[in-house]
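Subject: Structure for you to look at

Hello,

I am passing on a structure that you have not worked with before. Please open it first; my notes follow below.

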Amino acid sequence: MTAPGTLLTPIDTESVLSGGAFAHLDGALHGSFTTRDFASAVRLLVLVAEAADAMNHHPDVRLGYGRVGFRLSSHDAGGVTERDLRLALRIQELADAQGADRAPVTPARYDVAIDCTDADAIRPFWRVGLGYVEVDSEGAIELVDPVGPGPRVWFQSMDIARTERNRIHLDVYLPTIDAESRVQDIIAVGGDLLTDEHAPDWWVLADPEGNELCVCTTVY
């Protein structure tokens, strides 16, 4: 058992979460369940709410017809801690007892990366055009959707502008346990692996016309 507030990595949580609905991605535990109908989804949510109150640690929730999803993160610590892991295991127990099934969806985060020689010059164009806001991410200014669902936009500095390839590419962030299989699936449908020298942090792939996609994981 780690000290309260200690951040856990996906490696720390992988064996504990294995076989269940929860996956560790981008500083949170994500889990989704399917149920028979809307009422059964609500019943599961009520049970989870009671357990969360008892633990004094509360998840973000998505509720729909026959489906309920949870996102767990310790905001005071900036990522996943033992509190989140305990709550995830409790939610899994309640879902199993209610006959809820794991939803067949892999959590993911999508980023748009723009190569540039002067990020400060081009960032206002993208901020205003997309209706995004600026955030500081480890000393770099990125753009995010203020209401949440849009992909993050970040700017990759180039000393000399590239002309031999597209200057915008996509990043998809997946749980570490799912990333390598995604890479192999991409190769199986015609993708070209450009480099895996940074794996398992990220792989760089391209479609048959050279447009690039990075499959990435996160440290926390």
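In these notes, a residue counts as buried when its relative accessible area is under 20%, and as exposed when that value is over 50%. Please keep in mind that this is a predicted model.

I began with helix α2, which runs over 38–55. The buried residues of α2 are Ser-40, Ala-41, Leu-44, Val-48, Ala-51 and Ala-52. Because they cover an arc of only 115° around the axis, they lie on the same side of α2. Asp-53 and Ala-54, on the other side, are exposed.

What do the buried residues of α2 pack against? Their partners are β2, β3 (60–64), β4 and α3.

Now the two ends of the helix. At its start, a side-chain oxygen of Asp-37 comes to within 3.3 Å of the backbone nitrogen of Ala-39. Just after α2, Asn-56 has a positive phi of about 55°.

Leu-44 also belongs to the largest nonpolar core, which has 21 residues. Leu-44 is among those with the most contacts inside this core, as are Phe-22, Leu-29, Phe-33, Phe-70, Leu-72 and Ile-91. At least two residues of the core come from each of β2 (28–34), α2, β4 (67–72) and α3 (82–97). The largest share, 6 residues, is supplied by α3. Another core, of 8 residues, lies apart from this one and includes Val-172, Val-183, Ile-186 and Val-215.

Regards

How values were computed:
Residues are numbered from 1 along each chain as its sequence is written. This is a predicted model: local features need pLDDT of at least 70, side-chain atom pairs count only at pLDDT 80 or more; totals for chains, interfaces and linings use all residues. Side-chain values use heavy atoms; hydrogens and water are left out. A nonpolar core is a set of buried Ala, Val, Leu, Ile, Met, Phe, Trp, Tyr and Cys residues joined through side-chain atoms within 4.5 Å. Buried means under 20% relative accessible area, exposed over 50%, partly exposed in between (1.4 Å probe, protein chains only). Helices (H or I, at least four residues) and strands (E, at least two) are DSSP runs, numbered from the N terminus. The arc is that of the directions from the helix axis to the C-beta atoms. Contact means heavy atoms within 4.5 Å. A polar contact is a pair of N or O atoms within 3.5 Å; within protein, one must be able to donate a hydrogen and the other to accept it, and residues adjacent in sequence count only if both atoms are side-chain atoms.
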